[in-house]
Amino acid sequence: MTTPALPASLVEVAGSALPEAACAELSALIGEQQVLTDPASRLGRAGGLSYSDLIRRRGGTEFAVPDAVLLPTDPELVQGILEICVRHDIAVVPFGGGTSVVGGVDALRGDKVAVVALDLARLDRLVSLDPGSRIAVLQAGMRAAEAESLLAAHGFTLGHFPQSFERATIGGFAATRSAGQASAGYGRFEDMVEGVRLATPGGEWRLGVAPASAAGPDLRQLAVGSEGTLGVITEVAVRVRPAPVRSRYEALVLDGWQSGVDAVRALAQGRVLADVTRFSDVDETAVQLELSGALKAGALKTYLRGKGIRQPCLLVLGWDAASRAELKLRRSATLNALRGIRSTRLGRPVGEAWRSHRFSGPRQRDALLDRGVCVETLETATHWTGLSELRSAVRTALMRSLKAGGKSPIVMCHISHAYETGASLYFTVLAPRNADPIGQWQRAKEAASDAIAGRGTITHHHAVGADHLPWLGAEIGDIGGEVLAAAKKAVDPTGILNPGKLIRPAR
């Protein structure tokens, strides 16, 4: 059942419900050319990049479209926009790169008269760089690739490279607690945040004055991960590091899933993880090696059997270093910790092939969608002692839900991020698409989420958005939900900010 992309001109978009008085005030504030109500502009900010989002666009299925797109050029204008939207009771959805896969940028209006997408694309400046303290202040709409380019000109890197790197923004990283592929070396994004500047309906909010503080709970961490529900992030002060001068990526094959889990745990607990440490199960390994083009799969299988490896599982390792000596030292420490674990080195060709294609997933997904494949991802994390049980439970739920007509789906999994106490699991699912593609995936996602609940976190780095909200209570408890609702009431008493995401209304 193929579903080619539908031209935007053929998608029906309802007329804008933005009140004329609000439109006039917004136009006076930011300029008439920065208030877009044409169907194409609105459709371009309708939803993110989840499988369901893409299917809706391809099929012309009805979905939420903002009533206008606003393009402010500085933080003060963002503040002014919120004040106008409060007066006219208009919902505001902050929009960065539009890469959410959990409904985080869906144009939900809740009980408001209209909803606007607040596109931060023109907040794209490097505000300041303090080389001595290694802190850069970046505006929230700056894309990650542009940030890396600007920082590289000064000899620095942020080191944050999620798969969404080519489109995602600095503000989006902060709003969703993003984790990059090299987080073992550089840290998750919340580890990099030194300060944030937000616009809220109650006024501007600035956080972060020192590298550490005992002045009560760290409110920066309340803002980071708030997904646009507590304020619109307009600037982020981030820790940067000197750009590496040496890098090396290579791959090994281990025998079996549990062997690899034990190996990655040893690296994490021995504090010798490579900056990139990615371990794939048998199914994902078969696909990875085939796509890498570095080795012929048949010949490799024979070779590995000769080495006593019956269940090949790929381990990709990558290091960034300031010198050849540092690279040699760190690499030796990592590989020495793997001694005693049955493995075979594939060397640099496979590792570099993974590095070269690490941002290609979205393009590969488009090609699969064209061919009628249901293709989507989900992720979670838990402690080491429960990791394999969690993988088995989620995999079983997905297999049962998506098996149809005697055909089983392909369910692949890898460890994408490892910690001393546990690790994340990232699943990729391929299945023949049926006549109800959105319902097909929603049922599978619900089954997987039910399997996760009580065993791990509902999201390790994709955020909560609208999709994960039904399972959040099981993780944070009723009191946690009330705390979030109280925080929202304090900064957004009328509830205009990103309704339907992360926070349930207070009871």
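1. Pocket lining. Helix α18 gives the largest share of the lining of the second largest pocket, 5 residues. The elements that each give two or more residues are α9 (220-223) and α18 (469-491). Helices (H or I, at least four residues) and strands (E, at least two) are DSSP runs, numbered from the N terminus. This is a predicted model: local features need pLDDT of at least 70, side-chain atom pairs count only at pLDDT 80 or more, and totals for chains, interfaces and linings use all residues. Residues are numbered from 1 along each chain as its sequence is written, and side-chain values use heavy atoms, with hydrogens and water left out.

2. Pocket size and make-up. The volume is about 530 Å³. A pocket here is an open set of points on a 1 Å grid over the protein atoms alone, where a 1.4 Å probe fits, with protein on both sides within 12 Å along at least five of seven lines; lining residues have an atom within 4 Å of a point. Of 25 lining residues, Arg177, Gly225, Val464, Leu472 and Leu502 are the closest to the centre. By class, the lining has 11 nonpolar, 9 polar and 5 charged residues. Gly counts as polar; Asp, Glu, Lys and Arg count as charged.

3. Seven-stranded sheet. The order is β15-β12-β14-β13-β17-β18-β16, open and antiparallel. Two strands pair if DSSP finds at least two bridges between them. At the edges, β15 (343-347) and β16 (373-383) each pair on one side only. The twist averages 20° from one strand to the next. Axes are lines fitted to C-alpha atoms, for helices over the stretch in contact, and angles run from 0 to 180 degrees between N-to-C directions.

4. Inside that sheet. Strands β17 (410-415) and β18 (422-432) are joined by 5 bridges. Ile410 has Leu430 as its bridge partner in β18. Helix α17 (437-452) packs on the sheet and touches β16 and β18, at about 10° to the direction of β16. Contact means heavy atoms within 4.5 Å.

5. Four-stranded sheet. This one is open and mixed, in the order β1-β2-β4-β3. Strands β1 (35-36) and β3 (90-95) have a single partner strand each, so one side of each lacks a neighbour in the sheet. Parallel strands β2 (68-70) and β4 (114-119) share 3 bridges; Val69 has Ala117 as its partner in β4. Helix α4 (75-88) packs on the sheet, touching β2, β3 and β4, with its direction at about 150° to that of β3.

6. Salt bridges. The whole structure has 29 (side-chain nitrogen of Lys or Arg within 4 Å of a carboxyl oxygen of Asp or Glu). One joins Arg331 to Glu250, with the closest N and O atoms 2.6 Å apart. Arg331 lies in α13 (324-337) and Glu250 in β12 (246-255), 81 residues apart.

Terms used:
Grid points are joined across faces, edges and corners, and a volume is the space filled by probe spheres set on the points.
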